[in-house]
Amino acid sequence: MRSAAPDALIRAAEDLFAERGSESVSLREIVAASGVSNASAIQYHFGDRRGLVRAILDKHEPAIDRHRQQLLDAYAAAGVDDMRELAGALVRPLAKELENSDGGLGYLQLVADLYNRPNPTFDPTKFDESTQSIHRWRALVMPLLTPEAVRLHRRFDALRFTVSELARRGRSNRRDHRLFTSQLTDLVTSLLLAPVSDETRRLLSR
């Protein structure tokens with residue numbers, strides 16, 4: 001029978017991350033908030049902080065991945081190049097976490113923190129290795145981008161912008177996210193399709 005301690009630790013971490021951001025929360029605080037009596041519970045169940053982070057991602061990503069795959073299936077079936085539909089396939093599965101009362105806001109804040117680290121201790125894009133829908137999304141977007149936009153990592157920027165805006169939204173205590181999600185999809189579409197200026201092109205070629 002699975003111990004209740006891992007779930008309690010994950011949920012405590014999610015709640016604290018949603019409230020304060022993942023970077024300012026210590027493992028000791030997570031253990032205390034979880035109600036688990038063993039001070040070394042995180043090390044015992046997850047190995048270290050990275051293991052706990054991985055467990056939180058593993059909890060949320062399967063549903064996000066399934067939703068995105070469904071949207072990408074519909075896009076492929078339509079057979080029409082449409083960047084806004086692809087932007088929606090990136091945004092909308094993640095935006096559902098705003099309504100996920102089982103740690104969704106903490107997950108969004110964690111992912112935003114990972115993608116915005118100036119000097120990450122590990123590459124947050126590595127988390128995509130187990131998420132096939134992100135690879136599929138990247139492959140479908142690529143033909144709609146200019147070569148310069150590909151070199152400038154517009155797809156990564158779109159993902160980082162998406163999770164950052166969703167994490168910010170999660171701290172707003174709003175309840176109806178329909179307009180926000182549609183507007184965010186518009187903005188991600190524009191980010192992906194924004195023309196590369198002559199200045200940027202010159203600097204890129206150096």
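**Exercise 1. Helix H7**

Which helices are included in what covers the buried residues of H7? Find the buried residues of H7, describe how they are arranged, and name what covers them.

*Solution.* 
Step 1. This is a predicted model, in which local features need pLDDT of at least 70 and side-chain atom pairs count only at pLDDT 80 or more, while totals for chains, interfaces and linings use all residues. Residues are numbered from 1 along each chain as its sequence is written, and side-chain values use heavy atoms, with hydrogens and water left out.

Step 2. Helices (H or I, at least four residues) are DSSP runs numbered from the N terminus, as are strands (E, at least two). A residue is buried under 20% relative accessible area, exposed over 50% and partly exposed in between, using a 1.4 Å probe and protein chains only. In H7, residues 132-141, the buried residues are Ser-133, Ile-134, Trp-137 and Val-141.

Step 3. Viewed down the axis of H7, these buried residues fall within an arc of 100°, so they line one face of the helix. The arc is taken from the directions that run from the helix axis to the C-beta atoms. An α-helix has 3.6 residues a turn, so residues three or four places apart point the same way.

Step 4. The cover over the buried residues of H7 includes H4 (49-78), H5 (83-95), H9 (154-170) and H10 (178-193).

**Exercise 2. Trp-137 in the core**

Which residues touch the most other members of the largest nonpolar core? List also what Trp-137 touches.

*Solution.* 
Step 1. A nonpolar core is a set of buried Ala, Val, Leu, Ile, Met, Phe, Trp, Tyr and Cys residues joined through side-chain atoms within 4.5 Å. The largest one has 52 residues, and Ile-30 and Trp-137 touch the most other members.

Step 2. Contact means heavy atoms within 4.5 Å. Setting aside residues up to four places away in sequence, Trp-137 touches Arg-68, Leu-72, Leu-86, Ala-87, Ala-89, Leu-90, Arg-155, Ala-158 and Leu-192.

**Exercise 3. Helix H2**

Which residues of H2 are buried, and which on the other side are exposed?

*Solution.* 
Step 1. H2 spans residues 27-34, and its buried residues are Ile-30, Val-31 and Ser-34. They fall within an arc of 95° when seen down the axis of H2, so they line one face of the helix.

Step 2. Arg-28 and Ala-32 are exposed on the other side of H2.

Step 3. H1, H3 (41-46) and H4 are among what covers the buried residues of H2.

Step 4. Gly-35 follows H2 and has a positive phi, near 80°.

**Exercise 4. Two helix pairs**

At what angle do the axes of H5 and H10 cross, and at what angle do H6 and H9 pack?

*Solution.* 
Step 1. Two packed helices are described by the angle between their axes and the distance between the axes. Axes are lines fitted to C-alpha atoms, for helices over the stretch in contact, and angles run from 0 to 180 degrees between N-to-C directions.

Step 2. The axes of H5 and H10 come within 8 Å and cross at roughly 130°. That makes H5 oblique to H10; angles under 35 degrees count as roughly parallel, over 145 as roughly antiparallel, 65 to 115 as roughly perpendicular and the rest as oblique.

Step 3. The H5 and H10 crossing is right-handed. A crossing is right-handed if the near helix is turned clockwise from the far one by less than a right angle, and left-handed if anticlockwise.

Step 4. Residues of H5 that meet H10 include Met-83, Ala-87 and Val-91, and the H10 residues in this contact include Leu-184, Val-188 and Leu-192.

Step 5. H6, residues 104-115, packs against H9 at an angle of about 140°, with the axes 8 Å apart. H6 and H9 are therefore oblique to each other, and H6 passes H9 in a left-handed crossing.

Step 6. Among the residues where H6 and H9 meet are Leu-108 and Tyr-115 in H6, and Phe-156 and Val-163 in H9.

**Exercise 5. Loop residues with positive phi**

Is His-153 buried or exposed?

*Solution.* 
Step 1. His-153 is in the loop between H8 (147-151) and H9. Its phi is positive, about 60°, although His-153 is not a glycine. His-153 is exposed, with a relative accessible area of 53%.

Step 2. Asn-173 lies in the loop between H9 and H10. Asn-173 is not a glycine either, and its phi is positive, near 65°. With a relative accessible area of 61%, Asn-173 is exposed.
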